Amino acid sequence: MSLSLKQLPLACVAFHETIDSTNAEALRMLKKGQSSPFLVLAQEQLAGKGRRGRRWESPLGAGLYYSLALELSEDVRNIAALSLVTALSVCDALDRIGVRDLGLKWPNDVLGNERKLSGILLESAMFKRQRFVVIGVGVNLKLPETVKLSLGHTITDIISLLGVEIEAHELAAHITLELLASIERFKKSTFSEFAADWNKRDAYIGQAVQVELNGLICQGKAQGVNERGELMLLTRKGLETISVGEIMPSVRPVGLN
Ligand code: BTN
């Protein structure tokens with residue numbers, strides 16, 4: 001189905017050829033009083049932000065660099081779970097345009113063919129006593145070989161998965177449509193409504209994994225996510241729930257099989 005950004009209920013869409021970071025720009029626009037929801041898109045980011053202070057490689061025309069800014073009501077407390085809902089929405093949008101073999105890696109990486117295809121960074125802020133969230137999504141569309149090589153081929157892009165290029169604005173429209181609908185559902189309920197779907201897409205369920213937690217490595221067998229979006233990990237000490245950190249693929253067996 002072809003979908004255009006014009007069909008979506010957005011206050012505005014800001015297009016940039018080059019920007020530092022679409023998330024940073026969305027936060028600046030909110031600060032200046034821009035009404036939400038709105039979208040910031042760029043063809044290139046000079047200082048793309050990744051999770052945990054990392055940099056997101058954002059060469060010109062090689063990816064979708066997308067930020068959706070929304071007002072959040074006081075009752076939405078679990079921003080971490082919202083980032084898992086976002087990952088699920090991005091998966092559903094990619095699926096809708098024909099990308100298959102997608103998976104999720106806790107908390108919010110979207111994998112294609114077991115390699116990273118999309119990353120998500122949520123940033124929240126208060127302006128004039130209102131609470132906002134900026135949902136940043138990066139999707140690799142057509143990465144230069146040098147970037148893939150520098151990351152040890154742990155990443156993939158749409159062109160490798162689909163064999164054809166896709167239009168960034170159309171993908172942005174599909175992601176926005178899925179996201180707006182999921183966020184409405186999330187506002188009215190909790191993550192528990194999404195947990196089963198998330199676990200169906202979980203690429204690591206039942207597998208030995210390592211989780212990095214404040215510099216410490218925790219090992220165990222991934223058991224999917226619970227109703228709060230926390231990772232359930234079966235360790236030698238028993239079942240633990242982990243709310244911060246991220247799964248790293250296990251480099252050696254953890255002896256729990
Ligand atoms: C990750 O580390 O996996 C998260 C990456 C998020 C990247 C996107 S690209 C659009 C938006 N603007 C940014 O500066 N970062 C996010």
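This is a predicted model: local features need pLDDT of at least 70, side-chain atom pairs count only at pLDDT 80 or more; totals for chains, interfaces and linings use all residues.

Analyst: Residues are numbered from 1 along each chain as its sequence is written, and side-chain values use heavy atoms, with hydrogens and water left out.

User: What radius of gyration does the protein chain have, and what would a compact globule have?

Analyst: The radius is taken over C-alpha atoms, and the globule rule is 2.2 Å times the number of residues to the power 0.38. For 257 residues that rule gives a value near 18 Å, and the protein chain agrees with it at 18 Å.

User: How many helices and strands are there in the protein chain?

Analyst: Both are DSSP runs numbered from the N terminus: helices are H or I with at least four residues, strands E with at least two. The protein chain has six helices and 12 strands.

User: Is helix 1 largely enclosed or open?

Analyst: Buried means under 20% relative accessible area, exposed over 50%, and partly exposed in between, with a 1.4 Å probe and protein chains only. The buried residues of helix 1 include Thr 22, Glu 25 and Leu 30. Their cover includes strand 1 (12–19), strand 2 (38–45), strand 3, strand 6 and strand 7, where contact means heavy atoms within 4.5 Å. Eight of the 10 residues of helix 1 are buried, so helix 1 is largely enclosed by the rest of the structure.

User: Which exposed residues does helix 6 carry on the face turned away from its buried side?

Analyst: In helix 6 (residues 192–201), Phe 194, Ala 195, Trp 198 and Arg 201 are buried. These cover an arc of only 130° around the axis, which puts them on the same side of helix 6; the arc is that of the directions from the helix axis to the C-beta atoms. The face turned away from that side carries the exposed Ala 196 and Lys 200.

User: Which strand gives the most to the lining of the largest pocket?

Analyst: A pocket is an open set of points on a 1 Å grid over the protein atoms alone, where a 1.4 Å probe fits, with protein on both sides within 12 Å along at least five of seven lines; lining residues have an atom within 4 Å of a point. The largest pocket is lined by 38 residues, with Arg 54, Trp 56, Asp 109, Lys 116 and Ile 155 nearest its centre. The elements giving two or more residues to this lining include helix 1 and strand 3 (63–72). The most, five residues, comes from strand 6.
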